[in-house]
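Subject: Structure handover

Hello,

Please find the structure below. My notes on it come after.

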Amino acid sequence: MDLGLWTLRLGVVSDRTWQPGSLAIALKNLLLSGKMASNVEAPERWYLALLGFAEHFRTSSPPKIRLCVHCLQAVFQFKPPQRIEARTHLQLGSVLYHHTKNSELARSHLEKAWFISQQVPQFEDVKFEAASILSELFCQQNLVDSAKPLLRKAIQISQQTPYWHCRLLFQLAQLHTLEKDLVSACDLLGVGAEYARVVGSEYTRALFLLSKGMLLLMERKLGEVHPLLTLCGTIVENWQGNPIQKESLRVFFLVLQVTHYLDAGQVKSVKPCLKQLQQCIQTISTLHDDEILPSNPADLFHWLPKEHMCVLVYLVTVMHSMQAGYLEKAQKYTDKALMQLEKLKMLDCSPILSTFQVILLEHIIMCRLVTGHKATALQEISQVCQLCQQSPRLFTNHAAQLHTLLGLYCISVNCMDNAEAQFTTALRLTTHQELWTYIVTNLASVYIREGNRHQELYSLLERINPDHNFPVSSHCLRAAAFYIRGLLSFFQGRYNEAKRFLRETLKMSNAEDLNRLTACSLVLLGHIFYVLGNHRVRLNDRCYNNQLWSSALLKDLNKALGNTMDAHEAAQMHQNFSQQLLQDHIAACSLPEHNLIMDRWPSSCPDPSPERPHHQPCKPAMRNLLSRISQ
């Protein structure tokens with residue numbers, strides 16, 4: 001919960017509109033006259049007046065930050081007592097940190113607030129808020145080693161203040177997470193969960209445990225995740241409190257379960273959890289936030305705003321639809337989520353919204369490539385580039401995914417050398433085992449299509465052998481590895497071996513409703529049966545490249561069976577698909593963004609077109625950004 005900058009809000013300024021000149025005159029008169037209510041002690045008259053005017057300037061539309069800062073700085077002219085001095089330093093530091101680029105002055109005020117407040121008894125809010133904001137500023141300045149001891153000291157002396165103790169634990173855990181030190185972050189979250197239990201806050205205990213579960217999932221410590229999620233489920237169901245808080249805990253819990261299933265490639269098994277999650281977010285959207293503060297100060301937290309949770313549920317639905325091959329559904333929910341994000345970003349600059357946007361775009365790009373819309377996919381890849389350019393953290397976290405998308409695009413336009421370069425770069429950048437396996441699988445398909453990279457191909461296939469020591473537990477990726485083996489055996493003319501691998505793919509795909517893998521396997525099996533003289537084959541698929549392949553195979557099958565009309569219809573279908581894919585291929589390769597796949601980036605790219613805000617070409621600065629991860 002955000003306690004807000006101002007702990008004292010006063011109606012010193014009336015509701016009518018004041019001009020800066022009249023405000024200055026009123027302030028001067030108020031300070032000089034000293035005619036205030038008799039029950040207000042003298043040292044506070046000037047403070048209340050200055051604070052009131054500073055608040056007025058801060059909340060003006062647009063905010064008058066310079067005047068707000070002047071009012072607060074004037075407080076020090078009266079040599080205030082320590083409590084007022086510390087609070088004013090905190091307010092100045094917070095205003096400067098949030099509204100200006102003067103980080104050094106902000107840091108000076110926050111350090112003074114932290115130092116002075118420690119000498120004042122029972123002044124916890126100012127003391128710990130100063131420590132919290134100052135540590136944020138340190139992190140912004142890449143002074144993490146200064147932020148950590150500050151937070152540790154604040155945590156050590158805040159044990160009698162439940163809200164601040166929990167908040168500071170969350171903050172330090174977040175800092176460790178951003179540094180990829182998940183072990184330390186999990187330890188802190190465990191400490192927080194135990195502290196919350198001791199102070200009687202089962203709600204915040206659940207938040208700590210769910211956060212720890214999320215990190216354990218990131219570390220792939222599945223043995224620890226399962227009992228932890230079971231405990232969390234019990235706590236969430238038994239907790240009786242604010243309905244919105246309870247439902248938000250359920251959303252957090254179900255999101256972890258859904259993503260766990262999806263990481264494991266279990267598209268069918270996840271359906272009951274996903275349905276519960278969608279029902280839960282519908283329930284939250286009908287609840288009204290009554291703004292009643294919990295009686296336990298340790299409960300003054302929430303996981304995400306309702307609007308952010310809605311976007312998150314859209315996101316995991318898109319992830320599921322893509323894995324299951326429900327491409328129209330994936331596009332539908334992506335459009336809804338992106339529209340909601342655009343509205344939210346007008347009012348909210350939270351970094352998590354940009355993260356949601358990038359992940360959504362990553363999935364819809366794959367969807368476009370599968371359905372034969374390469375030009376649109378390329379423009380959306382450029383959009384991801386721009387989003388990553390705006391945030392170093394996004395760039396670091398999504399560089400490998402960006403190169404993977406470029407590699408997939410290269411395959412779709414038959415630029416195999418560029419695809420290899422993009423995938424190789426992505427492999428160097430990722431430490432994520434599932435992504436690594438996905439990239440290797442696609443790189444193997446590139447080598448198979450090139451036909452002359454046998455040594456590199458066999459080296460890759462040995463590392464993703466689905467029959468022996470497969471590197472990840474993902475059901476989907478293991479099924480894809482069987483398909484790649486079947487594809488290689490097909491091209492080598494080892495049809496019986498190919499059929500064995502493809503039947504294994506089909507068995508795994510059918511078990512978890514992996515529809516795209518099922519379709520690819522059926523088309524390839526159909527081709528094998530045709531080559532072997534078995535013409536009793538039925539083919540149907542919605543992936544454009546597979547449709548092209550299927551229609552060609554149907555044409556040949558019907559010709560062989562003497563079905564002239566059906567052969568003519570299949571030939572016409574094949575011609576239509578060929579024309580659509582060719583036109584899209586030409587359109588994609590003609591775009592300036594196509595240069596993103598090259599080893600040398602263009603010296604300039606056109607500025608984003610205002611008429612196409614969702615499909616913007618890359619800016620010239622993107623060339624340098626991408627070259628950093630492509631050399």
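The notes cover aromatic contacts and then cavities.

This is a predicted model, in which local features need pLDDT of at least 70 and side-chain atom pairs count only at pLDDT 80 or more, while totals for chains, interfaces and linings use all residues. Residues are numbered from 1 along each chain as its sequence is written, and side-chain values use heavy atoms, with hydrogens and water left out.

Aromatic contacts

There are 11 aromatic pairs in the structure (rings of Phe, Tyr and Trp, the last by its six-membered ring, with centres within 6.5 Å; planes under 30 degrees apart are stacked, over 60 edge-to-face, the rest tilted). F170 and F208 count as stacked because their ring centres are 4.0 Å apart and their planes stand at 5 degrees. This pair links distant parts of the chain, 38 residues apart: F170 is in helix 8 (residues 162-178) and F208 in helix 10 (residues 202-218). Helices are DSSP runs of H or I with at least four residues, numbered from the N terminus. Both F170 and F208 are buried (under 20% relative accessible area, 1.4 Å probe, protein chains only). Ring pairs also join F170 and F208 with F128, Y163, W164 and F301 in a cluster.

R500 sits over the face of F501, 4.4 Å from the ring centre (the rule asks for CZ of Arg or NZ of Lys within 6 Å of the centre and within 35 degrees of the ring normal).

Cavities

The model has 3 cavities of 30 Å³ or more (sets of points on a 1 Å grid over the protein atoms alone where a 1.4 Å probe fits but cannot get out; lining residues have an atom within 4 Å of a point). The largest cavity holds about 70 Å³, a volume being the space filled by probe spheres set on the points, which are joined across faces, edges and corners. Its lining consists of L217, R220, L222, H260, D263, A264, E434 and S473.

Regards

Terms used
1 Å grid on protein atoms, 1.4 Å probe; cavity = no way out; pocket = protein on both sides within 12 Å on 5 of 7 lines; lining within 4 Å. Helix = DSSP H or I, 4+ residues; strand = E, 2+ residues; numbered from the N terminus. Buried < 20%, exposed > 50% of the residue type's maximum accessible area, 1.4 Å probe, protein only.
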